[in-house]
Amino acid sequence: MTSTFFIVAVVIVTALFFDFTNGFHDSANAMGTSVATGALRPRTAVLIAAILNVAGAFLSTEVAKTISGGIVNDALVTPTMIFAGLVAAILWNLATWLFGLPSSSSHALFGGLIGAVLIGAGASGVNFSVVVSKILLPAVMAPVIAGLAAGLATFLVYRWFSNADEGPAAGWFRRGQSVSASMVALAHGTSDGQKTMGVITLVLITAGYQDAGTGPQTWVIATAGLAIGLGTYSGGWRIMRTMGKGLVDLRSPQGFAAETTSAAAILASAHMGFGLSTTQVCSGSVIGTGAGRKLATVRWGKARRMVYGWLLTLPAAALFGAIAAAVALTGPVGILIVLVALLAGSGAIYTISRRTPVTHVNVNDSPDVTVSFGRTSTSSMQESPVAAGVATHQTITLSGTAAATTPVVTATPPTTGASAVITSTGPAAGATAPTVVTPLIIGPRAREAADDTIPGPAASGGLQ
Amino acid sequence: MTINWGALALVAVATVVAAVSIVGLFSLGVAAVTAHQRSRGGASVWSLTLVAGYACISAAGLIAVYGLYLIIPQFH
């Protein structure tokens, strides 16, 4: 066993792991709104999405000629840098999943690669103008275009057909929505399934295991398709909740408008030469369809945090990628260290997610995805600490104190009573000290929880 | 730095036109079909409204088939 074989094997396994996170991260793009409106039952939705993703992966014949589409200089990229980039992308995907943030898996991968190449080959290895034209500009335009289209479509539907979400009409829209959601899933499979195949194939060619200019081998297609399919089937319920329930309270005509717009935008961008991120298109459609019906039904605070997440994706993944590359490029021991760090990080994020699990059972129960960094597990989903309908000035006061608590992994004693939920540790509460569970609403700024309270009918006029 | 503004504009226009026309067509069809179902007193099973409604829904379905054609690379 040579060191080349070792690094190739490591890259392939990591690439498949990334493909898995890609699948569960993007499951919500296709199915989030269908699950929320009840067009499809949660398990059925992810099963359909998984099958269509695998089918899409097998359908796409054209292998990516470059790993990054010119964002980094591919001639300078070594398998170790690809490995570091993949590790960064996986960790960022898992972290955003923990907080229920829909973010682009492609941007995470590009960010990781950029960081790794900056460390491994210097600034000349990164084409910053391509970063602007292929990542930053589309990131701004995708939600704007999709939001505009979905908003207009929804507005017109409700103008012409005011009782579109009642009775048998709602059933029609749910059926229509299932069709457009399936189209999004299939289109996603053809683009993202092929991405991992491209990475694996390019690594095999660089290492001399495969002739240059040949397509992906059958086992590569099969394993990559399987990885993205399994990922999709596992659901990514935290992101599904944000997409379907968190941003907008969707009715079936809105779900139909959102999914149809997403499918149209993805197909248009794929065939007219201006690539848009599926995640940003789908999130933009959902927000647009909320704004098209009634501005107040969009939880703008949550939407704003999602945009912050998008802006952070590239630099954060680049930072992770740079650190991983700095360690991995020191040799086989460094690669092993990064691999162990990847497993430890993924395990830690998974453990934290189990404290406030979101599953196919409770995905529609609440609009919020909470994260608990406390020592004990909380059995139920934490509601937003602010009850719906509370006057606005009160909510700001409460969440203002919440902002004072810095979320850290180790539980710290609360400085103010309002900022933390004190729970007893079960039957033996008398024997042990009470432990602290800090409820966190997604995003870096807890004080914006005020924006997340459901705008009830009475309050809707007062919001923007 | 080259930004393909033309392609961007084309994608934007195509998305808006496609979304509004498909959603509009489908809604029109659903509105017609459900209106027919509501007004049906039991006398006429078929009416012009119903036929027009199903025609609209079928047209939206045909656009979906065209989308499928666009997605699957083996077709072109």
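Predicted model: local features only at pLDDT ≥ 70, side-chain atom pairs only at ≥ 80, totals over all residues.
Me: How many helices and strands does chain A have?
Reply: Of the 464 residues of chain A, 58% count as buried. Among contacts between residues at least 6 apart in sequence in chain A, 83% join residues at least 24 apart. The secondary structure of chain A comes to 14 helices and 4 strands.

Me: Which element of chain A has the highest mean pLDDT?
Reply: Chain A has a mean pLDDT of 79, and 78% of its residues reach 70 or more. Among the elements of chain A, the lowest mean pLDDT, 32, belongs to helix 13 (residues 392–404). The highest mean, 94, is that of helix 3 (residues 79–98) of chain A.

Me: What is the radius of gyration of chain B?
Reply: Chain B has 2 helices and 0 strands. For its 76 residues the globule rule gives 11 Å, and the value for chain B is well over that, so the chain is more spread out than a compact globule; its radius of gyration is 18 Å.

Me: What share of the residues of chain B count as buried?
Reply: The C-alpha trace of chain B spans about 65 × 25 × 15 Å along its principal axes. Chain B averages a pLDDT of 85, and 91% of the residues score at least 70. Of the 76 residues of chain B, the share that count as buried is 34%.

Me: Which helix supplies the largest share of the side of chain B that touches chain A?
Reply: In this model, which scores ipTM 0.91 and pTM 0.79, 32 residues of chain B are in contact with 46 residues of chain A. Helix 1 (5–39) and helix 2 (48–71) of chain B each supply at least two residues of the side that touches chain A. That side of chain B divides into 23 nonpolar, 9 polar and no charged residues. The largest share, 20 residues, comes from helix 1 of chain B.

Me: Which elements are included in what covers the buried residues of helix 2 of chain B?
Reply: The 24 residues of helix 2 of chain B should span 34 Å at 1.5 Å a residue, and the end C-alpha atoms are 35 Å apart, which agrees. The buried residues in this helix are B:Gly53, B:Cys56, B:Ile57, B:Ala60, B:Gly67 and B:Ile71. The cover over them includes helix 1 of chain B together with, from chain A, helix 6 (167–206) and helix 9 (252–271).

Me: Which residues is B:Gly67 in contact with, leaving aside its neighbours within four places in sequence?
Reply: B:Gly67 is found in helix 2 of chain B. It counts as buried because it has 23 C-beta neighbours inside 10 Å, against a cut-off of 20 or more. Leaving aside neighbours within four places in sequence, the contacts of B:Gly67 are A:Met183, A:Ala263 and A:Leu267.

Me: Is A:Ser262 buried or exposed?
Reply: A:Ser262 lies in helix 9 of chain A, and, not counting residues up to four places away in sequence, A:Ser262 touches A:Ala146, A:Val184, A:Val281, A:Cys282 and A:Ser285. The C-alpha atoms of A:Ser262 and A:Thr278, 16 residues apart along the chain, are separated by 7.8 Å. With 32 other C-beta atoms within 10 Å, where 20 or more are needed, A:Ser262 is buried.

Me: At which residue does helix 5 of chain A bend by about 40°?
Reply: Helix 5 (residues 128–160) of chain A has 33 residues and reaches 47 Å from its first C-alpha to its last, close to the 48 Å expected at 1.5 Å a residue. The bend of about 40° in helix 5 of chain A is at A:Pro138.

Me: Which helices do the buried residues of helix 2 of chain A pack against?
Reply: At 1.5 Å a residue, the 18 residues of helix 2 (residues 42–59) of chain A should span 26 Å, and the end C-alpha atoms are 26 Å apart, which agrees. Its buried residues include A:Pro42, A:Ala45, A:Asn53 and A:Gly56. The buried residues of helix 2 of chain A pack against helix 1 (3–37), helix 6 and helix 7 (218–234) of chain A.

Notes: Residues numbered from 1 in each chain as written. Chains lettered and ligands numbered in written order. Buried ≥ 20, exposed ≤ 12 C-beta atoms within 10 Å, placed from the backbone. Contact = placed C-beta atoms within 7 Å. Nonpolar A, V, L, I, M, F, W, Y, C, P; charged D, E, K, R; others polar. Expected span 1.5 Å × (residues − 1). Bend = angle between axes of the 7 residues up to and from the residue. pLDDT = per-residue confidence, 0-100. Rg over C-alpha atoms; globule rule 2.2 N^0.38 Å.
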